[in-house]
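Here is a friendly briefing to read alongside the model. Keep the viewer open and follow the topics one by one.

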Amino acid sequence: MKRLAGKVAVVTASTDGIGFAIAKRLAEDGAAVVISSRKQKNVDNALAELRKLNLNVHGLKCHVSEAQDRKQLFEETISKYGKLNILVSNAATNPAVGGVLECDEKVWDKIFDVNVKSSYLLAKEALPYLRREKGSSIVFVSSIAGYDAFELLGAYSVSKTALIGLTKAAAKDLAPEGIRVNCLAPGIIRTKFSKALYENEAANEAALSKIPMGRLGTSEEMAGVVSFLVSEDAGYITGESIVASGGMSARL
Ligand SMILES: NC(=O)c1ccc[n+]([C@@H]2O[C@H](COP(=O)([O-])OP(=O)(O)OC[C@H]3O[C@@H](n4cnc5c(N)ncnc54)[C@H](O)[C@@H]3O)[C@@H](O)[C@H]2O)c1
């Protein structure tokens with residue numbers, strides 16, 4: 001039997017990149033998966049691709065900062081699949097580059113709204129459903145930059161540090177109820193998000209020089225970690241952030 005058979009998962013920002021790979025992997029591992037992103041067209045394309053593989057998926061538009069979109073995300077999950085066992089909060093934004101104290105206040109607010117506040121709200125709003133099921137779990141997607149801020153991603157890095165804290169705090173609160181909360185902290189993964197870090201030779205060389213394994217990570221490798229974290233194989237793991245960075249060092 002597949003290890004996530006009978007489970008229902010919601011993955012945000014899951015029509016591309018790491019989120020798409022997570023949705024695909026959880027579905028391949030037997031879960032019914034609800035995908036979402038800000039644009040209906042992207043949802044439709046991703047659904048078509050996943051359904052071609054005979055995966056059990058549903059999808060809708062969800063801008064994670066919009067209360068009505070989040071409400072609909074969970075209501076549609078319940079009306080389609082009857083329950084929710086797994087939440088993966090993956091959406092993130094980084095509208096500007098620069099050092100943390102150079103960050104414009106509006107940009108700071110946007111980064112914290114999408115990356116941190118929406119993750120907290122998604123978890124809070126998923127809880128009534130997660131509480132109904134045995135062995136439910138939440139995964140937040142942080143970053144290696146949350147451990148050691150990337151100079152040009154100052155505010156973004158701090159938002160990712162906050163997610164490591166959110167993971168620890170929520171895990172403690174929910175442990176007595178048997179709901180696990182963990183975090184994935186990817187290193188540099190080849191997606192649209194990290195394009196600036198590898199699209200030209202100099203940037204690529206600079207990035208690779210920081211990675212002991214000498215290559216960027218793949219979205220599929222990130223998805224494998226998440227699939228483990230939400231499975232019963234990780235049944236005694238909560239409050240942890242798993243760094244998957246090809247050996248880049250991570251210390252808080
Ligand atoms: N690629 C990397 O090197 C890397 C490294 C560390 C962490 N991460 C994290 O991994 C996650 C996925 O990133 P990715 O690399 O796949 O890049 P990505 O750009 O494909 O993923 C980010 C997604 O979030 C979506 N998004 C942004 N604002 C949103 C909103 N308000 N509502 C809903 N969706 C929204 C974007 O449309 C995009 O699809 C992010 O949390 C990112 O911070 C990525």
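## The sheet at a glance

Seven strands form an open sheet in the order E3-E2-E1-E4-E5-E6-E7, with parallel pairing. Strand E3 (57–61) and strand E7 (241–244) stand at its edges with a single partner strand each, so one side of each is left without a neighbour in the sheet. From one strand to the next, the twist averages 15°.

This is a predicted model, in which local features need pLDDT of at least 70 and side-chain atom pairs count only at pLDDT 80 or more, while totals for chains, interfaces and linings use all residues. Residues are numbered from 1 along each chain as its sequence is written.

- Helices (H or I, at least four residues) and strands (E, at least two) are DSSP runs, numbered from the N terminus.
- Two strands pair if DSSP finds at least two bridges between them.
- A residue is buried if 20 or more other C-beta atoms lie within 10 Å of its own, exposed if 12 or fewer, and partly exposed in between, with C-beta atoms placed from the backbone.

**Strand pairing**

- Strand E1 (residues 8–11) runs parallel to E4, and 3 bridges join them; here valine 10 stands opposite leucine 87 in E4.
- Strand E4 (residues 86–89) pairs with strand E5 (residues 137–141) in the parallel sense over 4 bridges.
- Across that pairing, leucine 87 stands opposite isoleucine 138 in E5, and valine 88 stands opposite valine 139 in E5.

**Faces of the strands**

- In a regular strand the side chains alternate between the two faces of the sheet.
- Ile86 and Val88 point one way from E4, Leu87 and Ser89 point the other way, and all are buried.
- E5 is mostly covered, with 5 of its 5 residues buried.
- On one side of E5 lie Ser137, Val139 and Val141, on the other Ile138 and Phe140, and all are buried.

**The nonpolar core**

- The largest nonpolar core has 71 residues; such a core is a set of buried Ala, Val, Leu, Ile, Met, Phe, Trp, Tyr and Cys residues joined through C-beta atoms within 7 Å.
- Ile22, Ala23, Val33, Val139 and Val226 have the most contacts inside this core.
- Helix H5 (residues 154–174) supplies the largest share of this core, 8 residues.
- Leaving aside its neighbours within four places in sequence, alanine 23 is in contact (C-beta atoms, placed from the backbone, within 7 Å) with Val11, Ser14, Val33, Ile35, Leu50 and Val57.

**Two positive phi values**

- Most residues other than glycine have a negative phi.
- Alanine 13 has a phi near 50°, a positive value in a residue other than glycine, and is found in the loop between E1 and H1.
- Alanine 13 counts as buried because it has 29 C-beta neighbours inside 10 Å.
- Asparagine 54, in the loop between H2 and E3, has a phi near 65°, also positive in a residue other than glycine.
- Asparagine 54 counts as exposed because it has 8 C-beta neighbours inside 10 Å.

- Lysine 80 is found in helix H3 (residues 67–81) and is exposed, with 12 other C-beta atoms within 10 Å.
- The C-alpha atoms of lysine 80 and histidine 58 are separated by 8.0 Å, and the two residues are 22 residues apart along the chain.
- Glutamate 66 lies in the loop between E3 and H3 and counts as partly exposed, with 14 C-beta neighbours inside 10 Å.
- Between the C-alpha atoms of glutamate 66 and lysine 160, 94 residues apart along the chain, the separation is 20 Å.

Notes:
Contact = placed C-beta atoms within 7 Å. Axes fitted to C-alpha atoms, helices over the stretch in contact; angles between N-to-C directions.
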